Amino acid sequence: MSFMQINDLKVHYPIRGGFFNTIVDNVYAVDGISMEFEKGKAYGLVGESGCGKSTTGKSIIGLEKISAGSIIYEGENVTNKRRDRTSAYNRDIQMIFQDSHSSMNPRKRVQDILAEPIRNFLKLTPQEESRRISELLAIVGMPEDAKLKYPHEFSGGQKQRLGIARAIATNPKLIIADEPVSALDLSVQAQVLNFMKDIQDEYGLSYLFISHDLGVVKHMCDYISIMYKGRFVESGTKYDIYENPQHIYTKRLLSAIPDITPNGREDRKLERIEVERNYQVEHKQYFDENGRVYNLSPISDTHFVAATSSALKGGN
Amino acid sequence: MVKEKDNKKEQEIVSAPPTGFQVIWREFLKDKVAMFSLIVMVVTIFGVFIASLFFDPAEVMKVSLRNKYAPPSSTHWLGADIGGSDILGQLIIGAKNSLLIAIAITLITGITGIFIGLACGYFGGWIDNMFMRIIDFFITLPSLMIIIVFITIVPKYTVFTFILIISIFGWTGIARLIRSKSLSESRRDYVNASKTLGTNDFVIIFKEVMPNISSILIVEATLSFAGNIGIETGLTYLGFGLPPSTPSLGTLVAYANNPLVMSTYWWVWLPAALFILILMLSINYVGQALRRAADAKQRLG
Amino acid sequence: MWKTVVRRVVIMIPQLFILSLLIFIMAKNMPGDPFTGKITPETDPARIEELRELNGLNDPWYQQYVRWMGNAFQGEFGNSYTYKVKVSTLIGERAMNTFWLSLLTAVMLYAIAVPLGVLAGRFHNSWFDRGVVLYSFISFAIPTFVLALILLYFFGYQLSLFPTTGSVDVREAPGTAGYYMSKIYHMILPAFTAAVLGTTGIIQYLRTEVVDAKSMDYVRTARAKGVPARKVYSKHIFRNSLLPVAAFIGFTITGLLGGSIFIETIFAYPGMGHLFIQSISSRDYSVITALVMLYGFLALLGSLLSDIIMSIVDPRIRIE
Amino acid sequence: MKTSEELLVIKDLHTGFRIKDTYFDAVDGVSLTLRKNEILAIVGESGCGKSTLATSIIGLHDHNKTRVQGEILFKNKNLAKLSEEEFNDVRGMDIGMIFQDPLSALNPLMRIGEQIEEALIYHTKLTKEARVARVFELLAQVGIPNPQRVARQFPHQLSGGMRQRVIIAIAISCKPQIIIADEPTTALDVTIQAQILDLLKDLQAETGSGIILITHDLGVVAEVADRVAVMYAGQIIEEAPVEELFNNPKHPYTRSLFNSIPQMNSDGKKLNVIEGIVPSLLKLPRQGCRFSPRISWIPESAHEKDPVLHEVAPNHFVRCTCYKEFYFKGEEGGRA
Amino acid sequence: GDKKEDAGKGTDGGTTDGGTTTNEETNTEQEEDGFSISVENEGTAIEGGTLMVAMQKDEPFQGIFSYALYEDAYDADLMDFASNSIFKSDGDFLLTDEGIASFELTEGEPNIVTIKIREGVKWSDGEPLKIEDLMLPYNIIGHKDYTGVRYNSFFRNIVGAEEYHDGTADTISGLNKIDETTLELQIKEVSPGLFSGGDGILTYAEPSHILSDVPVAELVEHDAIRKNPVTLGAFVIDRVVPGESVQFKANENYWKGKPKLDGVIVKVVPSASIAKALEAGEYDVSLSFGSSKYVEIENLTNIDVLAVPELYYSYLGFKVGKWDTETKEVATDLENSKMGDVNLRQAMAYALNVEEVTEVFYDGLRERANAIVPPVFSSFHDASIEGYKYDPDKANQLLDDAGFVDVDGDGIREDKEGKPLEIKFATMSGDDVAEQISAFWLQNWKEIGLNVVYTDGRTIEFNSFYDKVEADDPNIDIFMAAWGVGTNPSPSGIYAHTAAYNFSRYTSENLQTVLSNIDSNKSFDATYRAEQFAAFEKEIAEVAPVVPMMYRLELTPVNKRVKNWSVEYGNTTITNLELVELVADAPVK
Ligand SMILES: Nc1ncnc2c1ncn2[C@@H]1O[C@H](COP(=O)(O)OP(=O)(O)OP(=O)(O)O)[C@@H](O)[C@H]1O
Ligand SMILES: Nc1ncnc2c1ncn2[C@@H]1O[C@H](COP(=O)(O)OP(=O)(O)OP(=O)(O)O)[C@@H](O)[C@H]1O
Ligand SMILES: [Mg+2]
Ligand SMILES: [Mg+2]
């Protein structure tokens, strides 16, 4: 049973212009997406830069104004209540930011950074608070003495762990992770990803994992949605997406990911060129006359593709 | 983990936020000129305030005609002006007044500018729009002229009204700068993080955003302080300065308008002019050093 | 771009309107009026009262304002009480003087500031750079009129190299080459002074701009292309650093116009700034209001000009 | 391989940055050879000295704060000793460079055509017309449709991928023998990255020049490189032809890296973790195997005192013999 | 003119009287305080040459070159070189018949003034001078479109002037052309002032052949006035740089013969540079030279400084009443005024060390004024009046006796009831010297135990000052101001009970009688008039509603190149410009 549903979410940014600086058009940053979240599952959001991934995440957590659509959390419509800072919703949904460095106030010590959600959401005594902070540090595998330090004294991976500690301080149900590892080196990335998986299992967390790195998403997520121009082109379990991609855009994306082996790279290159050619040719069938992505339609229980049925047949 | 501990030990040395006092201090240690300026600045400012305790304004401004343009001597260390009033006393009290005026203007414009700038940058939207229109309007005002008209209007023209009038026009620049800083700062993830962590806007503005632009604030305050020191002199020259009975640097410097005083009675205007020059120079150098300290890219040390 | 220009102009209208209201109310609140200065034992108080009435000075301020606005719309700003000529004629005369002075100042200003700023940036942290910084600080720290007075004293009085007052020699017949030479000759000292005082901002701006530009990626690209250092500076660094400075020309000129109050007063140069100070003391309302409006208008125009220049020189704005 | 094909030979290169009056070597004793017709990839994590190496080769470092020692031999010249003027003849002419961020690497105020043409002005004697023709040719060569129009456009009018193509066009404008590409695709989306990589490879096949490709993405390496050098903390710790390295990585660091790639273990198992962090320039261990602090389970005795590159297989070099002791501490990711 | 307190800039507000510029000629006077009134430089005169004249002034001049329309004394100074005056006056400022015109008075109802002009006088453009040219100024000033101050009570004294002004008559009925050289002017009342150019008589001509077609409203901006006015004077305006300088060339048609000089250049020179400019030999003569600048030129060897007493006095005024706006009369109220006690006023006058100020600041170029009529009017000035010489002891004595004693021992006197006494002092702001002097006065009063403070805490800018003083601002108890008196010495304009400018608001029956006597036709008898003047001076001196402070000398620096120059009233060189010669090609450095 999902604890949260997102229905036809839209975020439009006005473009002002014309003589009186009126709204002449909109940027359809997010243009009608629907999702459901189940406990303990990780959902991946993949797409090219600028396709609206971050906006989706931010609008869910309340950092962006939603233009249309609704968010139902535990049966309650919270679309317009997200901005009530200390609501239960805000406590239960937390976020991990891409740039761990800039997501922490450089002038605050670690203990104050970690205390922020605790003070806002949980009414604890100072002793309890400090105990909780130590606990959190222990969870993310950082020593006690980190409390008194400033963020810049930590490496990227450690900072990201502190970010995670802060996000889990209030025992949230869903953590939105917006490219949590893309700024990190391979070796550090591995630490953080492992760690995120650990606490997911331990606390039954759900993730909305935003990334442009398909490898990472595949590693982390149970369900994956491929986003293009503010809409989903394809959505399904990771097997659906990786083993049985249906949408031409998904295929193109997948073919572009380099493999970590030089063996057979010439073949891959040929395949890539083939997919690219297909994309140019069949492109029309997958997008309507305005270049907009069609609505998703199911092709299995878990697998949804945005295309006309004729395209699907042709694509197969 | 063992090794990591070692790493941490090494880092302990720099346990301060990246824009803390150490950084500033290091910057000064690196830059001899700035260091020297800092000393000059501190010494002059404190010197003026302390020395002014030894002068009685009424006594200093006493006209003693027989001492008209008395050259420097043991009774009048820096000579006397046209009315035979002691230049040193006027210089000290005038400097004190100028400093107080500068401080007051800096504070008033600074605080207004900071409040408005922070709010505009953080909230954006109509608040920002409204204030930006107002600021745009102010910026295109021919402020010097309007200040002059203002000054001719106020019935009781005192140091206090002077400060107010200047401040009316002074806050916009600061507000603009703070706004742009606050704007970029407010778009940073730590602000977003605080929002998602349930902190309310005012706490974010004053406890998160403001401390992070504090270095800019200090730099701006310093530089605008330097600018404000000289503000009275120009108006005095044009005849719209403080009342002549108030000792002021402007009055002293404005004596230079007379070529005879400029060349023959140099002791009347030169000390005040030099005072302003040296003080503004040193504050400027200090401000620049602070600016470098605030900007990691430009740091020397 | 024309759209932006037109929009800016449209926005200017309410701004000017507010300014006019503001300045009008303020002017009317100044103690005294143009006829206060006419008091002598032989003038007739009754006649002065009559003249006040005649000039509508006894009406409520809003009536005066409406009347004034009405005329202003038709380009009539009334007559100067002091000079007995149309304000437009009077200001026109002075504005030309100020305009030429500002223009020469701007030329000198850029002639001084650009090379200094650019070279200081290029030879960052060298002795030359330090010298330039010191110079720019001093020109900022020195009270405007002190420098003017010192220059006036040395070049004008002591060395007698330049005239110390006026805008032109009356012996030169208007329209002759000598006349224009004389005009320029009279402007050199005030323009130079104003230029020196105005350099601070531009020098510092340019200097940091050049220093920043040096570490820009596109400069690295240019060097990687094998472009000789000299050319890297001239074609990439300087050009890019000068762009914002060029865009500020509009603001600079309005700034100079505003600063003309000091320069013109000190050099007894009959321009707008000088006229303003004088009108303040003679309570020449019509001139005061018209001047403030003109300055406001010029400031708006300056910012508009800057925008236009910016959009012309910067392809990023030009080509949307 | 035939030595006659050697384009560039780097011998014991040290590049140090002056920090508080002492020089810290960010590149610490690197020796490399680039041959004609090959793509040499240099991989390593952030801060290991890849860019420093590249800028030393092309002489773009800040001469006041940087010290370059050692030999960079190109056409019998030691590039490390060239004066700025002499270097200008080499840069752009013999060595082209491609940068990471395609937006900032182009002058926003110059037309694309001018920017490409610039290199031609200083390195060729072509007439204006000939240069313009060459510009169009180059643009076409890097796969830009409608070169005539693009040449007249400004950088901000092009997309990221297009800009990167323009930068490549600049780099190849004088048919250089060597192209250095410093993370040419990091800022791009995967689809565009694939296109750019293909383009690079095609160009190289056409011109026969040698390419030094700097990246931290092993996937990119796998796709295009002929030979790979892995850098860690300013040193090359392993160097081998690409198949050899991917199929048979030796150095513990290389192997750890491979094991921490999520893609390599898609079943959601735990990734291998390299403990600790890449040491900062000031804290580089200057003796012994530099990776040793991060693999505490390998006994100190297994590391060499002054590790050198050992040829462990034909053309496969590994620094430090500790690889013989290597096994993964963790159970899950162990592949040894 | 209304010479205000000399601001040291030599720039006073607009001077607006037609009289100062009339021609005078009398016998030589003695040297004034060691200054000469004329110089003669030896040497052979050069042929032609251009006289360089500096006019000390901090603003541009207005440039209204018409006697009927100008408002600023500086314009009058400029016009001296291209004068349209038809009368010449003597050392007592009385009109003579040596000029272009002469006049006669026939008393009666109305009084008839007959003005005759010389024959053969030509304008600078060669047109002969006509009677219409004499009538034109009347028609301009009387015109309803005329916006200047000269349409005043004097002008209304002309028969038919008001009707013409109101538009009920097309011409001024009292103004009649008798023949080609004779003009008849009817005036309602006649006073001795007539003979110094008062009572409505105008002393200049305007070129009707040029101006009569120009509507009066447009005159002031007309080129014939601004740029190239024709003239009856020795020179004619050749070129004007507005506000800055004027170039004159010799008037070929000058009735006394072509001048010896080729031309004159007058330039505005700011007070700051005047001394330096004179030193550098840039100018031959300096007009309106500020006396506080004297120190700067006193040692120059290339110039002589001429001096003549000015028609001016500064004074200290005490507010002893109010202006009744209903009756338009002065309502004196000595009883209830703070300054009502004559001892207090006198004490305050005795307390001022005017002597020291004149010596230190003005190098003797000013002197303490003893009486309310300046000594220039030698026949009316009463030299026997002692005045208020600096005498702090006497001041203290007066206050003690009058009951102003220090009851609480703080060194400050309380009023007669023992309540704190704070006297509010209004004075104009000015240059450094003026400010210092004001501060010095406060100090002087403090020395006799009086607590005098500035109204509004500072010296007051000129406009506000007169606004407040005229409005009897309650914040003003005493004030310091100055009058520039016209050539007509009659004090009615500022001391009559009907004079709005009677700022101290003092009047008495005696005073009223004396003042009307001064201007009555009995006063055509000079001795009678002198007696009345003495009575007036005496009353003011005794009651002290106004205490004269200083008289001043007007200085004229003259370069050694000028062959001779005189500032003697009635015989000033300015009225004989055709005779000026130079002895060198350039001013001596
Ligand atoms: N405040 C805003 N105003 C206008 N447009 C915006 C705003 N924020 C984002 N956009 C636009 O909305 C679109 C989606 O942006 P978003 O940041 O969600 O993309 P993304 O998928 O997260 O990209 P990336 O991978 O680069 O982070 C982009 O085209 C962006 O330009
Ligand atoms: N100008 C400089 N001054 C001082 N230290 C520098 C400078 N440039 C680089 N470094 C340091 O030298 C080391 C190597 O830097 P370099 O840029 O070569 O790394 P890189 O491998 O290219 O990393 P990245 O993948 O992040 O680009 C780093 O520790 C870096 O901090
Ligand atoms: Mg994003
Ligand atoms: Mg790099």
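This is a predicted model: local features need pLDDT of at least 70, side-chain atom pairs count only at pLDDT 80 or more; totals for chains, interfaces and linings use all residues.
Residues are numbered from 1 along each chain as its sequence is written, chains are lettered from A and ligands numbered from 1 in the order in which they are written, and side-chain values use heavy atoms, with hydrogens and water left out.

View 1. S7(D) spans residues 178-182, and five of its five residues are buried (under 20% relative accessible area, 1.4 Å probe, protein chains only). Ile178(D), Ile180(D) and Asp182(D) point one way, while Ile179(D) and Ala181(D) point the other. Strand S6 (residues 95-98) of chain D runs parallel to S7(D), joined by four bridges; here Ile98(D) has Ala181(D) as its bridge partner. Strand S8 (residues 210-215) of chain D also pairs with S7(D) in the parallel sense, over five bridges. Pairing takes at least two DSSP bridges, and strands (E, at least two residues) and helices (H or I, at least four) are DSSP runs numbered from the N terminus.

**View 2. The β-α-β unit of chain D.** S7(D), helix H7 (residues 190-207) and S8(D) make a right-handed unit. Right-handed means that, with the strands pointing away from the viewer, the path from the first strand over the helix to the second runs clockwise.

**View 3. Around ligand 2.** The residues surrounding ligand 2 include Phe17(D), Ala26(D), Glu183(D) and Leu281(D), each with a heavy atom within 4 Å of it. One oxygen atom is 2.6 Å from an N or O atom in the side chain of Ser51(D). On the backbone side, a polar atom of Lys50(D) is 2.9 Å from a ligand oxygen, and an N or O atom of Cys48(D) lies 3.2 Å from one.

**View 4. Ser139(C) in helix H5.** Ser139(C) sits in H5 (residues 127-141) of chain C, and counts as buried because its relative accessibility is 6%. A polar atom of its side chain lies 3.0 Å from the backbone oxygen of Ser136(C). Leaving aside residues up to four places away in sequence, Ser139(C) touches Val196(C), Leu197(C), Thr199(C) and Thr200(C), with contact meaning heavy atoms within 4.5 Å.

Definitions and conventions:
Buried means under 20% relative accessible area, exposed over 50%, partly exposed in between (1.4 Å probe, protein chains only). A polar contact is a pair of N or O atoms within 3.5 Å; within protein, one must be able to donate a hydrogen and the other to accept it, and residues adjacent in sequence count only if both atoms are side-chain atoms.
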